[in-house]
Number of protein chains: 2
Amino acid sequence: MNRDAKRQAILDAAYRLFRMHGFDGTSISEITTQVGGSKATIYCHFPTKEVLFVECMTAAVEGYITGAVAQLDASGTDPGAALREFGEKILSFGASPDMVAVRHVSIAEASRSGIGKLFFAKIVALRTHVAALLSKFMASGALRADDADFAATQLRALLEVELLEPLLLHVREGLPDEKEIALAADRAVAAFLKAYEPDRR
Amino acid sequence: MNRDAKRQAILDAAYRLFRMHGFDGTSISEITTQVGGSKATIYCHFPTKEVLFVECMTAAVEGYITGAVAQLDASGTDPGAALREFGEKILSFGASPDMVAVRHVSIAEASRSGIGKLFFAKIVALRTHVAALLSKFMASGALRADDADFAATQLRALLEVELLEPLLLHVREGLPDEKEIALAADRAVAAFLKAYEPDRR
DNA sequence: GCAAAAATGTACTGAACGGTACGGTTTTTT
DNA sequence: AAAAAACCGTACCGTTCAGTACATTTTTGC
């Protein structure tokens, strides 16, 4: 195995364990037994446990935004259809067990090495993309003209409230099925559209 | 000091430390130095560290809902004014450093002894109260008739999204000032009212 | 005032963990 | 093939921690 491949294997195993059991709940020895080799090998790639943690969580969070932005389709002309489709995709992505776990750890270890700040920055980046789409609809008169960034924030809140909080609080587990996701996206987008429909006078 | 008083003193000190540093970050010895006495005393009141944790977090979460419901004033007749007032109160309460810390720990230790489930149950209880208020407005025609429970959920999402997430992710600290809270409540309630205004036709 | 119950201090156990040392082995590079 | 780098296993160090044992003192109930 290559040096880089080894390094990546360590990161992968560490990511999986950190994601499942958090920072304190994961021991270096555990990582070595998963990835093979010995502790010394890990400490020749990463100076401390915390550096290893930050590095693999950073990569995971980077993947989060990349995957989410890919769901955005700016070609539509009807806000309802476009937002519903985006909402379903983003929910089935963001409510997946992996992503819930990443989010969980990001909050739990928020004060450790700025992993929370990083996660927040990624959310802001995603919001910017959504805001651009909303801006387009506002310019065309399909939506009421208003602060597009803030509208994107509210849309995210409406999308996430129904499914994400129960998952984060471990009240339910597993990926909700398609019907449920579609329903949640529908209810959120419906409220959002009413809140941002063009003024009727 | 009374036996009950001692027990309460232990709970208070433990609560403060757990709230600040989480479960793993707090040691029993630390609690003893804060409360006086020795470890043996703690272990004669609580069988394990986890039981102590659950007991004081449970009390804290109970207080959460009690304090929040007390903010509800069902006497008003104008939804905008009533919800804005409720929103401001609930935000300045829920965004306080103590409550943010409780929420933080509730998520971080969600899988430990069902503290997450308990927290969720309390949120549902609060939602029920808000839904009753919304129902009243829906019945009077001040709001569009719809699922009041779900409307309360969406209202909470809109209220919390602007201030709470940055606090949970440690992107900002301290209690936001009154102006900011009023603004956040205003924006959330404005969107909510638009989404739930009676149909005009 | 006395007996029972509870609180206290100290010292300890046993286990887990992060991180290091080191000598032998494999892999890569030149 | 030789030299260099990376890898491996094992043993170890120092520390921290939950929880216990026990003898002593304080508080409480009658």
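Which helix gives the most to the surface near DNA strand D? The model examined is predicted, with local features requiring pLDDT of at least 70 and side-chain atom pairs pLDDT 80 or more, whereas totals for chains, interfaces and linings use all residues. Residues are numbered from 1 along each chain as its sequence is written, and chains are lettered from A and ligands numbered from 1 in the order in which they are written.

The surface near DNA strand D receives the most from H3(A), with four residues; helices here are DSSP runs of H or I with at least four residues, numbered from the N terminus.

Elsewhere in chain A, helix H5 (residues 79-94) and helix H10 (residues 178-196) pack at an angle of about 135°, with their axes 9 Å apart, the axes being lines fitted to C-alpha atoms over the stretch in contact and the angles running from 0 to 180 degrees between N-to-C directions. That angle makes H5(A) oblique to H10(A), a term for angles that are not under 35 degrees (roughly parallel), over 145 (roughly antiparallel) or 65 to 115 (roughly perpendicular). The residues of this contact divide into eleven nonpolar, three polar and three charged.

Helix H7(A) is followed by Gly141(A), whose phi is positive, near 85°.

Key:
Helices (H or I, at least four residues) and strands (E, at least two) are DSSP runs, numbered from the N terminus. Ala, Val, Leu, Ile, Met, Phe, Trp, Tyr, Cys and Pro count as nonpolar, Asp, Glu, Lys and Arg as charged, and the others, Gly among them, as polar.
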